Amino acid sequence: MNNKPKIGVYVCHCGVNISKTVDVNELTEYAKQLPYVEVARDYSYMCSDPGQLLIKEDIKKNGLNRVVVAACSPRMHELTFRRALAGAGLNPYYLEIANIREQCSWVHKDKSEGTAKAKKLVSAAVAKARLLEPLQEKEVSVEPATLIIGGGIAGIQAALDIAGAGFKVYLVEKTPSIGGKMSQLDKTFPTLDCSACILTPKMVDVASHPNIELMTYSQVEKISGYVGNFNVEVRKKARFVDFEKCTGCGVCAEECRLAGRVPSEFNMELGNRSAVYLPFPQAVPAKYTIDPQRCLMLTRGKCGKSPKCADACAPGAIDFEQKDEIKEFKVGTVIVATGFDVFDAARKPEYGYSDYDNVLTGLEMERLISASGPTGGKIVLGKGEGEVIPRDIAFIKCVGSRDKSTGNEYCSRVCCMYTAKLAHLVKEKIPEANVKVYYMDVRAFGKGFEEFYDRVRREGVRYIRGNPSEIFKRNGKLVIKVENTLNSTPLEDEVDMVVLAVGLEPRKDAREVIDLLRLSQSSDRFFLEAHPKLAPVDTATEGVFLAGCAQGPKDIPDTVAQAKGAASSALVLMASGKVKVHAQISFVNEATCRGCGYCVEICPYTAVELVTVNKMGNEVLVARVNEALCKGCGACAAGCLSGSIQQKSFMDSQILQQIAVLGGK
Amino acid sequence: MSENLEPNVVAFLCNWCSYAGADLAGTSRIEYPPNLNVIRVMCSGRVNPLFVVNALQQGADGVLISGCHPGDCHYMEGNFYARRRFSVMKELLEYVGVDARRFNMSWVSASEGAKWKEVVSGVVDKAKEAGPFTEFRRNKIDW
């Protein structure tokens with residue numbers, strides 16, 4: 001192709017949006033005399049079909065090889081006009097747009113000023129267009145497999161959807177069982193479905209699905225590569241129990257010398273387990289794990305004369321010599337469903353969580369009410385002889401949410417409703433109980449939420465608007481100091497038990513995931529989505545998606561919906577099998593590159609690396625861009641000392657042309 | 001100092017925040033001075049410090065670089081590079097005798113159309129105060 005620039009300039013009136021402030025005729029005449037301009041035309045709506053046809057015909061008839069459109073913002077119609085160019089057989093990147101609407105006609109009133117500015121913008125666009133180069137959009141293949149990090153309800157749902165569509169799923173869970181926080185809940189608001197009843201069938205489905213490879217008690221160690229081609233390393237921690245031989249019978253746990261003496265994480269340390277344990281009865285996989293921090297054999301190397309678990313295990317599954325295993329595999333997409341931590345109530349010392357046994361958190365109350373919990377579902381205070389049933393129970397909302405003093409300004413979205421649910425369950429189990437809820441606001445926003453809140457109030461739960469300032473003990477009772485802000489009355493209410501509706505927080509180990517995948521955090525420290533509205537499950541790293549509370553506090557329906565969204569986003573990539581990579585990316589002029597590696601350090605995507613090449617008989621280092629990883633920010637180009645690494649469509653030479661026009665008077 | 005009523009400012013805007021913010025100012029019909037002309041780059045991290053010198057050499061009276069708010073960069077860290085490069089750059093320009101009012105940096109997000117107007121007005125006013133810039137002028141060269 002003859003590459004002498006032949007530029008066409010197309011000035012849009014946009015009805016009167018542009019022509020009101022910019023003299024389009026004068027602008028068109030001005031454009032005609034600019035260097036290399038072959039034709040210049042104006043039209044009422046350039047983006048319309050006839051407008052585009054005008055461009056296409058000129059390309060074919062006049063042999064234009066560059067197009068400048070003076071119209072609205074490139075953020076608006078750049079794609080439209082690129083398609084028009086492609087439709088006429090011209091490379092779509094031979095297009096430059098002069099933004100004479102959003103940044104000219106709409107912000108200026110004086111027509112002579114507007115026209116003068118528009119002339120400058122068009123002139124700069126023409127100057128740049130002369131140097132535009134054709135670009136190719138490359139495609140890379142997508143490995144038909146997904147890595148899902150986190151086996152809570154979000155990870156479970158996403159895994160089932162993707163596996164159901166026929167793609168391979170690697171589900172990696174840190175703890176010995178999948179199920180996550182949802183497995184610890186008793187009932188779920190607002191319908192009061194039993195949490196285990198709706199969750200455990202899904203857990204079993206995950207374990208038995210032929211397309212899902214479940215890796216529990218495992219951690220992702222390393223992820224490298226790019227969209228469609230991630231290489232993953234997972235550490236499968238030693239369980240010290242042979243996974244194949246273990247039948248899940250539980251004799252080992254009964255025989256363990258520490259049986260009933262190790263606090264159970266699942267029961268929020270209200271109950272105990274053994275050193276060899278199944279986190280909870282319905283755990284998936286139903287395989288026992290030895291706690292390496294507790295087991296006498298593993299901590300002291302000695303357990304009586306011989307370890308009783310090993311003696312009792314008929315299949316001989318106990319293996320104290322077991323080592324961690326590293327598993328490597330390749331996936332095309334990644335879903336991060338790492339969930340949340342509950343707020344540590346000890347950080348609000350005024351509520352006495354660390355001082356008084358009968359101040360509990362919502363999740364502890366959940367375990368106390370649950371039939372699979374430490375008390376078999378009885379709400380009691382104290383143990384054994386001293387066991388009493390509380391009569392006056394108070395709930396305090398927004399503990400660790402909507403609270404600048406804790407650094408959590410956000411609303412945790414679930415506490416209002418789980419408080420209502422727990423209050424209902426208390427009334428169900430102890431009908432004569434006085435239940436009070438201290439609140440700032442009640443946010444019952446979801447489907448069926450307001451109705452449920454109404455129902456709970458009708459059942460006799462009293463809602464008192466006020467944020468308690470202090471909880472202390474008097475005559476064996478807990479005293480809540482609070483002002484009822486609806487009638488400005490200071491109160492000192494005496495109760496037997498306080499439940500703190502603790503909020504949701506980003507996980508303490510979130511940093512590990514951030515480092516693995518180079519994710520960003522929003523100001524609330526949850527993982528940042530690519531766009532808060534239009535890309536809520538995507539991340540800035542292509543091929544990596546978010547699901548569930550890792551992205552922000554959510555209830556179960558929202559979590560499931562987002563997990564399905566993340567699954568479908570991953571499926572879009574995998575079903576097509578190919579993904580287009582950006583065209584406006586960086587490239588290296590190897591002839592002038594001196595291999596200093598500045599660009600390698602600058603690149604936030606590790607897209608640039610140094611490679612050895614043979615330059616006229618000498619082995620030298622030069623930079624090379626991985627085209628699938630490069631996102632086209634151009635930071636490397638600004639840092640290069642010799643101008644050897646450049647960003648396509650934003651090359652130094654092109655930008656300097658714009659500067660020369662716009663800087664000149 | 002001579003009377004300079006119409007300063008000429010060259011602005012480098014990142015595509016994702018500041019350019020979108022400037023577009024929003026247009027969509028919201030927020031009027032501002034016409035003395036500032038925009039060059040769109042994908043990220044403020046793309047702006048080579050030499051672009052600033054070049055703009056001044058070509059005859060610009062002021063330069064503005066605007067990106068996403070720190071921490072909000074579409075490319076994670078691009079605006080941090082921009083910030084660091086230009087805090088050094090600013091000192092250098094002052095050292096060689098360029099009025100600090102000619103050189104500006106701002107953070108304008110895609111939702112801050114009104115702030116964009118404030119930024120433009122401020123930058124143009126400062127360039128006005130500083131007067132026409134003649135020191136670095138060099139003959140126009142053909143790239």
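Which elements of chain A and chain B cover the buried residues of helix 3 of chain B? The structure is a predicted model, in which local features need pLDDT of at least 70, side-chain atom pairs count only at pLDDT 80 or more, and totals for chains, interfaces and linings use all residues. Residues are numbered from 1 along each chain as its sequence is written, with chains lettered from A in the order in which they are written.

Helix 3 of chain B (residues 78-95) has 18 residues and reaches 26 Å from its first C-alpha to its last; helices are DSSP runs of H or I of at least four residues, and strands are E runs of at least two, numbered from the N terminus. Buried positions (20 or more other C-beta atoms within 10 Å of the residue's own, C-beta atoms being placed from the backbone) in this helix are Gly78(B), Asn79(B), Tyr81(B), Ala82(B), Arg85(B), Phe86(B), Met89(B) and Leu93(B). Seen down the axis of helix 3 of chain B, the directions from the axis to the C-beta atoms of these buried residues fall within an arc of 130 degrees, so they line one face of the helix. The face turned away from the buried side carries Arg84(B), Ser87(B), Val88(B), Glu91(B) and Tyr95(B), which are exposed (12 or fewer such atoms).

The cover over the buried residues includes helix 16 (598-602) and helix 17 (635-639) of chain A, together with helix 2 (49-58), strand 3 (62-67) and strand 4 (103-107) of chain B. Contact denotes C-beta atoms, placed from the backbone, within 7 Å. Just after helix 3 of chain B, Gly97(B) takes a positive phi of about 100 degrees.

The contact between the chains takes 40 residues from chain A and 37 residues from chain B. On the side of chain A that touches chain B, helix 18 of chain A gives the largest share, 10 residues.

Definitions and conventions: The expected span of a helix is 1.5 Å times one less than its number of residues. Two residues are in contact if their C-beta atoms, placed from the backbone, lie within 7 Å.
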